Amino acid sequence: MKNSTIIMSGNKGSRKINFGSGPAALPEEVLHQASEAVVDYNHTGLSILEIPHRGKLFLDILEESKALVRELCELDDQFEVLWLHGGGRLQFCMVPANFLGENDVAGYIDSGHWSQEAMNYAAYYGRSEALCSSRDVRYTALPTFPKKIPDDLAYVHITTNNTIYGTQWHRLPDVKVPLVADMSSDIFSIGRDYKNLSLFYAVAQKNVGAAGTTLVVLRKEMLKRVKRDLPPMLDYRAQVAKASVLNTPPVFAIYTCLLMLRWTKKKTLAVLEQESIDKSCLLYDALDQSNIFHPVVAQPEYRSRMNVCFRANNSEIEKGFSDFCSQQNITGLEGHRTVGGFRVSLYNAISREDVQQLVSAMDTFEKNIVL
Ligand code: PMP
């Protein structure tokens with residue numbers, strides 16, 4: 001990079017430990033590379049913000065990013081990879097818009113806010129039914145998946161990790177109809193057989209890269225199942241035909257995803273999964289042993305490795321602990337506004353040392369608390 005300063009140099013040491021749920025922490029290496037590209041992309045004399053989206057520079061970024069997704073997920077050429085706008089919610093809409101005919105029924109696994117919202121979007125297009133739900137326990141556990149599900153469903157939709165409530169499906173159900181997965185908050189962190197899915201999507205702002213784009217992967221065969229005429233922006237067939245450049249894509253967000261995918265490949269999915277197990281065990285163990293903090297999800301088999309939710313004995317302690325963490329440069333701990341308490345997001349960029357610092361802060365706080 002010529003004649004420019006990387007934003008974070010000279011600022012080292014003051015970077016916060018960010019346990020926010022998304023947009024979430026990214027590896028410093030990725031932040032440096034992204035900031036360099038904003039000033040001068042690959043010594044081209046152009047910023048990444050200035051390059052044309054139909055030119056070779058960006059088409060190379062697209063191609064490499066798609067190839068990396070295929071490689072990481074071990075997908076063959078039966079799958080299409082797309083980068084789309086509109087976040088998770090647009091996928092809540094596009095999935096039924098494309099695959100749920102007016103007289104069809106889609107089965108949704110209701111394990112929390114996001115799966116419920118996805119189900120509500122489906123109701124605009126056809127019938128959506130909850131195959132099972134853990135609403136009665138306020139989503140603090142996963143529902144029991146039904147032994148038998150109708151084989152005439154248009155598809156089954158599952159949210160693999162429940163970002164707000166801190167539960168996670170460690171194994172996905174076997175179904176005979178197309179399985180669609182919202183993997184927004186745990187993609188690339190847990191061993192999954194991606195090949196068994198008909199469609200999966202993940203917002204970028206957690207494990208994939210920067211907010212502004214959503215990774216969508218679908219089986220080519222699904223394109224034959226589209227149920228209605230749709231405006232091209234909402235139609236997977238049109239998006240595939242135009243290879244993610246139907247309109248101007250979020251170039252910088254996709255480039256940040258490419259940087260993150262390179263980082264992910266370098267780490268390997270196996271290492272990331274092991275780290276994710278270690279980090280979450282460290283935190284859950286501390287919570288299980290604490291006298292003032294309590295994990296919200298009691299059963300270990302339901303606990304998310306990505307979003308750990310907990311409460312303290314009372315709101316005074318919660319406020320005190322929040323203030324204490326701020327002083328320690330630890331941020332992003334607030335639970336979702338609808339549930340309160342704390343939520344610690346342990347996405348891939350969070351290191352074991354970051355979690356150790358939080359656990360030490362919990363310990364120090366608990367030892368010194370005057371009740
Ligand atoms: N699905 C899940 C699992 C999420 O955690 C979120 C948001 N964090 C969404 C969907 C919605 O994403 P967006 O805000 O991009 O619509």
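Author: Start with one residue and its surroundings. Contact means heavy atoms within 4.5 Å. Leaving aside neighbours within four places in sequence, V156 is in contact with G107, I109, L131, I149, V175, V177, P178, L179 and V180.

Reader: What kind of model is this, and how are residues numbered?

Author: This is a predicted model: local features need pLDDT of at least 70, side-chain atom pairs count only at pLDDT 80 or more, and totals for chains, interfaces and linings use all residues. Residues are numbered from 1 along each chain as its sequence is written, and side-chain values use heavy atoms, with hydrogens and water left out.

Reader: Where does V156 lie?

Author: Helices (H or I, at least four residues) and strands (E, at least two) are DSSP runs, numbered from the N terminus. V156 lies in strand β5, residues 156-159.

Reader: Is V156 buried or exposed?

Author: Buried means under 20% relative accessible area, exposed over 50%, partly exposed in between (1.4 Å probe, protein chains only). V156 has 0% relative accessibility, so V156 counts as buried.

Reader: Which pair can I compare with that?

Author: T140 lies in the loop between β4 (127-133) and β5. Its relative accessible area is 24%, so T140 is partly exposed. Not counting residues up to four places away in sequence, T140 touches T167, V296 and V297.

Reader: Now a helix. What does S65 touch?

Author: S65 sits in helix α2, residues 56-73. Apart from neighbours within four places in sequence, S65 is in contact with W83, I254, L258 and L261. S65 counts as buried because its relative accessibility is 0%.

Reader: Is the charged residue E117 buried or exposed?

Author: First, the counting rule: Lys and Arg count as positive and Asp and Glu as negative; His and the chain ends are not counted. E117 is in helix α4, residues 113-122. Its relative accessible area is 16%, so E117 is buried. Beyond neighbours within four places in sequence, E117 is in contact with R89 and F92.

Reader: How many charged side chains does the protein chain have?

Author: The protein chain has 40 positive and 42 negative side chains. The place of a charge is taken as NZ of Lys, CZ of Arg, CG of Asp or CD of Glu. The centres of the two sets lie 2 Å apart.

Reader: How do I read aromatic pairs?

Author: Rings of Phe, Tyr and Trp (its six-membered ring) pair if their centres lie within 6.5 Å; planes under 30 degrees apart count as stacked, over 60 as edge-to-face and the rest as tilted. A search of the whole structure finds 16 aromatic pairs. F99 and Y236 form a stacked one, 5.6 Å centre to centre with 10° between the planes. F99 lies in helix α3 (residues 87-99) and Y236 in helix α5 (residues 236-241), so the pair ties together parts 137 residues apart in sequence. Both F99 and Y236 are buried.

Reader: Which residues form an aromatic cluster?

Author: F293, F310, F321, F324, F342 and F365 form one.

Reader: What about the backbone?

Author: Most residues other than glycine have a negative phi, and most peptide bonds are trans. Now look at the exceptions. The peptide bond from G22 to P23 is cis, with omega near -5°. P23 is in the loop between β1 (17-18) and α1 (28-39). N42 is not a glycine, yet has a positive phi of about 50°. N42 is in the loop between α1 and α2. At 53% relative accessibility, N42 counts as exposed. F188 also has a positive phi, near 65°. F188 is in the loop between β8 (179-182) and β9 (199-203). With a relative accessible area of 1%, F188 is buried.

Reader: How many helices and strands does the protein chain have?

Author: The protein chain has 9 helices and 14 strands. Of its 371 residues, 55% count as buried.
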